[in-house]
Amino acid sequence: MRLDKYLSDMGVGTRSESKKFIKAGRITVNGAITTDAAMHVSKEDDVCFDESPISYEEHIYYLMNKPQGVITATKDNSKKTILDLIKPEDRRKELFPVGRLDKDTEGLLLITNNGALAHHLLSPKHHVEKTYYAEVSGIVTKEDIDVFASGMEIDRGDICLPAKLKVLSTTSNSNNGTEISQVEITISEGKYHQIKRMCLCRGHEVLFLKRLSMGPLKLDKSLDPGLYRPLTSSEILDLLNC
Ligand code: URA
């Protein structure tokens with residue numbers, strides 16, 4: 001590919017900024033300064049910008065702990081998006097979130113430029129499991145668990161695949177009479193507001209929601225909300241093979 005495209009694909013700058021860097025003699029290819037933006041380079045070439053190596057990676061993958069208050073979109077005129085949380089030096093053209101979390105949901109979000117992988121993970125055919133931690137109003141019962149497991153109807157004709165509902169703990173406040181259940185829910189599809197709608201059908205309002213895993217990928221507990229890191233090679237392999 002052309003040298004200016006290589007640099008802009010790797011986020012060194014826009015195509016025209018990259019051309020300026022090349023003209024200014026700030027780029028070397030295999031140790032020699034080049035001022036030719038049209039020069040053909042490949043992944044095997046040693047390309048440097050101000051002496052720092054710029055290796056070519058076609059696909060990139062970030063594991064983010066999405067914070068509340070940020071929307072799962074690539075662009076918005078007024079609201080903060082998950083891409084606004086990516087540092088300029090980590091930004092690449094065509095990055096997008098795999099699937100959607102509501103504005104008030106936090107937790108695991110995969111951000112990548114690998115469209116084929118995203119398609120695989122989101123395809124209704126593949127039933128990739130997603131597990132959430134939720135705090136819901138009321139006491140979750142054995143009947144709720146059975147209804148989740150049998151595949152519940154959340155709207156007329158809109159039937160969910162069987163889901164796992166596990167109660168972690170329940171708390172009752174005798175002063176104000178409120179009861180809250182802490183649960184883990186695993187679904188294998190991605191309908192709009194699915195967890196909230198499933199819980200509401202059973203009379204439980206979701207008060208807090210956090211995604212813990214998607215397929216083989218688990219939320220990294222060392223990432224505070226708003227932080228992200230690149231996936232490790234074994235996480236990438238697991239995702240590509242799931
Ligand atoms: N289900 C929901 O209701 N909200 C989310 O953000 C994710 C799953």
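**The ligand and its shell**

Modeller: A polar side-chain atom of T105 lies 2.9 Å from an oxygen atom of the ligand, a polar contact being a pair of N or O atoms within 3.5 Å. The side chain of D102 places an N or O atom 2.7 Å from a nitrogen atom of the ligand. I195 contributes through its backbone, with an N or O atom 3.1 Å from a ligand nitrogen. Of the 230 Å² of accessible area that the ligand has on its own, the protein covers 96% (Shrake-Rupley method, 1.4 Å probe).

This is a predicted model, in which local features need pLDDT of at least 70, side-chain atom pairs count only at pLDDT 80 or more, and totals for chains, interfaces and linings use all residues. Residues are numbered from 1 along each chain as its sequence is written, and side-chain values use heavy atoms, without hydrogens or water.

The shell comprises L101, D102, T105, Y132, H193, Q194, I195, K196 and L209, each with a heavy atom within 4 Å of the ligand. Its largest share, 3 residues, comes from helix α5 (residues 194-201), a helix being a DSSP run (H or I) of at least four residues.

The protein is divided into domain 1 (3-53), domain 2 (61-124 + 216-241) and domain 3 (129-214), with bounds from an automatic or database assignment. Because domain 2 and domain 3 both give residues to the shell, the ligand lies between them.

Technical notes:
A polar contact is a pair of N or O atoms within 3.5 Å; within protein, one must be able to donate a hydrogen and the other to accept it, and residues adjacent in sequence count only if both atoms are side-chain atoms. Helices (H or I, at least four residues) and strands (E, at least two) are DSSP runs, numbered from the N terminus.
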